[in-house]
Amino acid sequence: MSDPADGQHGSVGPGPDRDLEAIRAARRAPGPVQRKGFGPVAWFDVRRRGAGHLAFSLNRITGLGLVFYLYLHLAVLSMLLGGESAWSSFLRVATLPAFLGLDVLLILGLLVHGLNGLRLALVGSGYAPDRQKALYWSLMVFGAILLLGAAIHILGSG
């Protein structure tokens, strides 16, 4: 080890710069795991990814979609301030088949996000931590059945 007072940069110990360099070197190193990029683009890269990555990505995407829907819903509700005529004209548009399809998409997001959250709560609580994959797929099949029933009900009524 070198003395920091003598002006040489030796391996005195881990520091913020050395830790950052070690992380960057590990990312560049070839190995069995392909290094992915950062951010939302990496969520959609499904190469060599398992069901856990799919569940994680779907939870993020549906969460963002539900937050978007929340703000959209509040904007739509503000149309009530325009009176009965404004609301009636909106309802004529909202009951078109294309908009009813968006309701089915909303239910899909709610089911995926909610059932995956239930799986995470069960696993995090210690119930079936070694059965995550089976729990995920069984809840998604259950959600698909519920979605089919909801889609038939929504699109059949329109």
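Is the crossing of H3 and H6 left-handed or right-handed? I checked this pair before anything else, keeping in mind that the model is predicted. The crossing of H3 with H6 came out left-handed.

**Entry: the H3 and H6 pair.** I then looked up the geometry behind that crossing. Helix H3 covers residues 51-77 and helix H6 covers residues 132-157, and the two pack at an angle of about 50 degrees. Their axes lie 10 Å apart. I wrote H3 down as oblique to H6, because the class runs on the angle between them. From H3, the contact is made by Ala 51, Leu 54, Ala 55 and Leu 58. From H6, Lys 133, Tyr 136 and Trp 137 take part. I sorted the residues of this contact by type and noted six nonpolar, one charged and no polar.

**Entry: the overall picture.** I stepped back to see where these helices belong. I found six helices and zero strands in the protein, so my note of the order along the sequence reads α-α-α-α-α-α. The chain has 158 residues, and 22% of them count as buried. I also looked up the accessible surface, which comes to about 11,500 Å². Carbon and sulfur atoms hold 69% of that surface. Among contacts with a separation of 6 or more, 49% join residues 24 or more positions apart.

**Entry: the H5 and H6 pair.** How do H5 and H6 pack, and at what angle? Helix H5, residues 97-124, packs with H6 at about 155 degrees, and the axes are 9 Å apart. That angle makes H5 roughly antiparallel to H6, because over 145 degrees counts as such. The crossing of H5 and H6 is right-handed. I noted 22 nonpolar residues in the contact of H5 with H6, along with four polar and two charged.

**Entry: Met 140.** Is Met 140 buried or exposed? Its relative accessible area is 15%, so Met 140 is buried, the limit being under 20%. Which residues does Met 140 touch, leaving aside its neighbours within four places in sequence? I listed Val 112, Leu 115 and Asn 116 as its contacts.

Methods
Residues numbered from 1 in each chain as written. Predicted model: local features only at pLDDT ≥ 70, side-chain atom pairs only at ≥ 80, totals over all residues. Heavy atoms only, no water. Helix = DSSP H or I, 4+ residues; strand = E, 2+ residues; numbered from the N terminus. Buried < 20%, exposed > 50% of the residue type's maximum accessible area, 1.4 Å probe, protein only. Contact = heavy atoms within 4.5 Å. Areas by Shrake-Rupley, 256 points an atom, 1.4 Å probe, with all protein chains shown as cover. Axes fitted to C-alpha atoms, helices over the stretch in contact; angles between N-to-C directions. Parallel < 35°, antiparallel > 145°, perpendicular 65-115°, else oblique. Left-handed = near helix turned anticlockwise from the far one by under 90°. Nonpolar A, V, L, I, M, F, W, Y, C, P; charged D, E, K, R; others polar.
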